[in-house]
Amino acid sequence: MGGNNLSVPLDHAKKTGVLSLQNKKLDKFPEDILELRRNLRTLDVSNNRIEELPDDIGCMQMIRTFKLEENKLGELPKTIGNLGKLEALHLSGNPLMEWPTPIHRCGNLKHLDLSRCRISEIPDSISSLKKLDYICLSNNRLHTIPDGMCELKLVEIDLNSNDIAVIPVGLAKNQVLRVLRLDHNSITCAGIPTEILSNSMISTLSLEANPIDLRKFREMNGYDKYQERFTATKRKCD
């Protein structure tokens, strides 16, 4: 995609602070975007063929929303941690393979989507993302939920389609967690702490397509309390 093709959206972005270049068949991250570092707040380069981000990406100090879904990124540059105002990072569908640790310095990050990234492990250092309230890690290769995630004040966690067998009891201590999605995992009743049912604030515990004995699940201590929360939430939504 040549510079002439970029001129119109770049000029528009200078006025609005929003730049959308999705589905443009981009093989490389357009360096011209860096010229907008003083006012660009939202950048969408999803559904392209970008394999790497430039180290200079860290100069985009005003970015709050960064959409990179469906590209070919194998890793993120360390300088992405310089995006101090970044609140939402969308990386779904990139072959990262490993957890992108540079994001741990993005102290204002609230929304993180790393679904379909082939990740097999979440480090405990995720606990440094103190403002994170939503995370999507569906369709990865995860086997465990780290203690570091239990330290966060997440409102919603999506871990659908992994290979997780145990829900850590530490998640029950998170008094703002409302939604925990674990469809298509390896959870049995033995992997569900009673504290999750009786003492947490979770009102949506999604466990479809797990090897759970539903009769035993409904007989677990705390199940009635969970059902009360679930029913109350459903009534509010109806």
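Which pattern does the protein follow, read along the sequence? In this predicted model, the order is α-β-β-β-β-β-β-α-β-β-α-β-α-α. That gives five helices and nine strands.

I turn next to the overall dimensions and the surface. Taken along the principal axes, the C-alpha atoms fill a box of roughly 65 × 30 × 30 Å. The protein exposes about 12000 Å², and carbon and sulfur atoms supply 45% of that area.

Now to the interior. Of the 238 residues in the protein, 49% are buried. Among contacts with a separation of 6 or more, 36% are between residues 24 or more positions apart.

The largest nonpolar core comprises 70 residues. Within this core, the residues with the most contacts are Phe66, Trp99, Leu112, Ile135, Leu205 and Phe217. The elements that contribute two or more residues to the core are α1, spanning 3-16, α2, spanning 147-150, α3, spanning 194-198, and α5, spanning 223-237. Of these, α1 provides the largest share, with three residues.

Which residues does leucine 205 contact, once its neighbours within four places in sequence are left aside? They are Ile167, Leu180, Ile196, Leu197, Phe217 and Tyr226.

Definitions and conventions
Residues numbered from 1 in each chain as written. Predicted model: local features only at pLDDT ≥ 70, side-chain atom pairs only at ≥ 80, totals over all residues. Heavy atoms only, no water. Helix = DSSP H or I, 4+ residues; strand = E, 2+ residues; numbered from the N terminus. Buried < 20%, exposed > 50% of the residue type's maximum accessible area, 1.4 Å probe, protein only. Contact = heavy atoms within 4.5 Å. Areas by Shrake-Rupley, 256 points an atom, 1.4 Å probe, with all protein chains shown as cover. Core = buried A, V, L, I, M, F, W, Y, C linked by side-chain atoms within 4.5 Å.
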